[in-house]
Amino acid sequence: PMELTEKDIANAQADGVDGILINHPLGDGLTHALLASRIPLATIGNGDGALFRRREKVIFSETDGEAIGKLAAEHLFRLFAYFGGATPSRWSHTRLRGYVTALKRLGQTVHEIKEPLVPALAELPRPAALFLAGDYLANQVYEAADAAHVKIPSELAVLGVDNNLLVCDSIEPTLSSIDRDT
C-alpha cells in the first residue's frame, strides 16, 4: 500500500512474507527498514538509489524510457491526411491551408482525402492522422473506416473541429476535437 510503514515491514518479516513489490518512491525510513530486512524485494521503476546497495534478494525492473520515447515519436509522426467533405467550404480550405503550412514547416506533407471514403481510407498508409474540417464529418469517416477495416485510433487518429459534444461523445471511440471557443 502507499501508506506502507516501518512497522508493516517489521510485521511482514516476522510473518515470513514471500516478498514485497515496490512501485513508488519510498521515504528514507522505509528504505532503511527494507535494507535492514531480509525480505526479498522486487522494485518496478522505483529508482531509489539506496536500494541498489542491497546485493541479495532484490530484483530491479525498469521500463526502457528511450524505447517508449521512440515509440511515441513513431506513433505521433504519422502520415497526415485531411478530409474537408464532399463540398468543401471557404473555411474548410483555410483550415487545410493552415494544416498544410504548419506541417510543411515540420517537413511533413498532407494527403487530402476525397470521396469515396471507403477506398480512400483503405489505401491510406497506416498509422495515419486525419484532420477533419468539422466534427460533422466524423460519423461519415468512422463508418467508412469501419467498412475499410481501419481501426480508430490505433491505425487512424481522427481530430475534428468545433468540439460539438453531441457528435464527439456519441461516437465510439469519442472524437477529439478543437474547440473554436466561439
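Author: A salt bridge here is a side-chain nitrogen of Lys or Arg within 4 Å of a carboxyl oxygen of Asp or Glu. This is a predicted model, where local features need pLDDT of at least 70, side-chain atom pairs count only at pLDDT 80 or more, and totals for chains, interfaces and linings use all residues. Residues are numbered from 1 along each chain as its sequence is written, and side-chain values use heavy atoms, leaving out hydrogens and water.

Reader: What makes arginine 180 and aspartate 162 a salt bridge?

Author: Their closest N and O atoms are 2.5 Å apart, and the cut-off is within 4 Å, so the pair qualifies. The two residues sit 18 residues apart, arginine 180 in the segment after β8 (176-178) and aspartate 162 in the loop between β7 and α7 (165-168). Those element names are DSSP runs numbered from the N terminus: helices are H or I with at least four residues, strands are E with at least two.

Reader: Why is arginine 180 called partly exposed?

Author: Buried means under 20% relative accessible area and exposed over 50%, with partly exposed in between (1.4 Å probe, protein chains only). Arginine 180 has 43%, so it falls in between. Aspartate 162, with 27%, is partly exposed too.
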